Amino acid sequence: PPLEEQKRIAEILDQAEELRRKRREAIAQLDTLTQSIFIEMFGDPVKNPKGWTVSKLGDITEKITDGEHQTPKRTLQGIKLLSARNIQNGYIDVRDVDYISVEEHERIKKRCNPVRGDILISCSGTIGRVTTVDIDEPFSLVRSVALLKLNNNLISSKFIEYFLRTPALHAKMQQRANASSQANLFQNQIRELPALLPPLSLQKEFAQRVEAVEELKKSHRASLSELDALFASLQHRAFKGEL
């Protein structure tokens with residue numbers, strides 16, 4: 001296409017890219033805000049300046065396991081099968097997801113059954129992304145995801161999610177995973193991770209404070225997703241000369 005036309009197309013793409021950048025920036029700032037709320041309420045998790053009781057993850061959970069070890073038989077639709085790539089910090093990303101049959105899910109569920117309020121950690125490939133399960137839809141996991149079922153009398157899932165997402169704890173998970181030849185974080189290593197135990201009432205107050213921020217993040221992520229789709233479609237049309 002002529003130069004003028006190329007400039008016009010480049011401008012449209014630049015504007016779309018700028019919108020995406022602003023959304024990503026807003027999400028990053030909201031992430032920083034939630035981390036600040038955590039530090040303000042509970043202090044540095046390593047130095048523990050407020051002197052909270054320190055336990056181990058294995059002692060405050062009712063179960064720590066990982067997903068299916070055999071290769072599950074995939075189907076075109078059915079029950080979602082999540083792997084480490086679907087576990088992002090603070091949310092489950094289902095844009096690129098596998099499926100299995102109900103029968104396969106029922107089989108896997110006997111050992112590993114994620115429900116709302118459980119914690120998921122990516123433990124192979126990209127180590128240490130953490131989210132709380134906040135959906136009621138049934139799903140299964142492969143072995144690259146660890147599942148933590150908490151003792152709810154001691155610990156709030158939002159508190160432990162953000163505790164594990166602090167740079168210090170993320171670094172601990174990375175360090176332990178790299179001690180094995182294939183960079184995997186194993187269940188016994190997760191059990192040994194430290195866990196602060198502030199009063200449950202304070203943990204719940206923290207959960208309420210971050211809830212509003214999380215709602216905002218969710219709407220930004222939805223909007224970013226739409227912008228990503230728009231950008232891809234504009235690129236496609238520009239390439240075909242339809243812009």
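Is Arg20 buried or exposed? Arg20 counts as buried, because its relative accessibility is 15%. Here buried means under 20% relative accessible area, exposed means over 50%, and partly exposed lies in between, using a 1.4 Å probe and protein chains only.

Before we go on, a word about the model. It is predicted, so local features need pLDDT of at least 70 and side-chain atom pairs count only at pLDDT 80 or more, while totals for chains, interfaces and linings use all residues. Residues are numbered from 1 along each chain as its sequence is written, and side-chain values use heavy atoms, with hydrogens and water left out.

**Around Arg20**

Arg20 sits in helix 1, which covers residues 3-42. Helices (H or I, at least four residues) and strands (E, at least two) are DSSP runs numbered from the N terminus. The side chain of Arg20 makes a polar contact of 2.8 Å with the side chain of Glu17. A polar contact is a pair of N or O atoms within 3.5 Å; within protein, one must be able to donate a hydrogen and the other to accept it, and residues adjacent in sequence count only if both atoms are side-chain atoms. If we set aside neighbours within four places in sequence, Arg20 is in contact (heavy atoms within 4.5 Å) with Leu224, Leu227, Asp228 and Phe231.

**Salt bridges**

A salt bridge is a side-chain nitrogen of Lys or Arg within 4 Å of a carboxyl oxygen of Asp or Glu. By this rule there are 27 salt bridges. Here are some of them:

| Pair | N to O distance |
|---|---|
| Lys56 and Glu192 | 2.9 Å |
| Asp98 and Arg74 | 3.0 Å |
| Glu104 and Arg107 | 3.3 Å |

Lys56 lies in strand 1 (residues 53-56) and Glu192 in helix 6 (residues 187-192), so this pair ties together parts that are 136 residues apart in sequence. Lys56 is partly exposed at 35% relative accessibility, and Glu192 is partly exposed at 41%.

Asp98 belongs to strand 7 (residues 98-100) and Arg74 to strand 3 (residues 74-75), so their bridge ties together parts 24 residues apart in sequence. Asp98 is partly exposed at 24%, and Arg74 is partly exposed at 41%.

Glu104 and Arg107 both lie in helix 3 (residues 102-109), 3 residues apart, which is about one turn of the helix. Glu104 counts as buried at 15%, whereas Arg107 is partly exposed at 34%. Elsewhere, salt bridges that share partners join Glu17, Arg20, Arg24, Asp93, Arg95 and Asp228 into one network.
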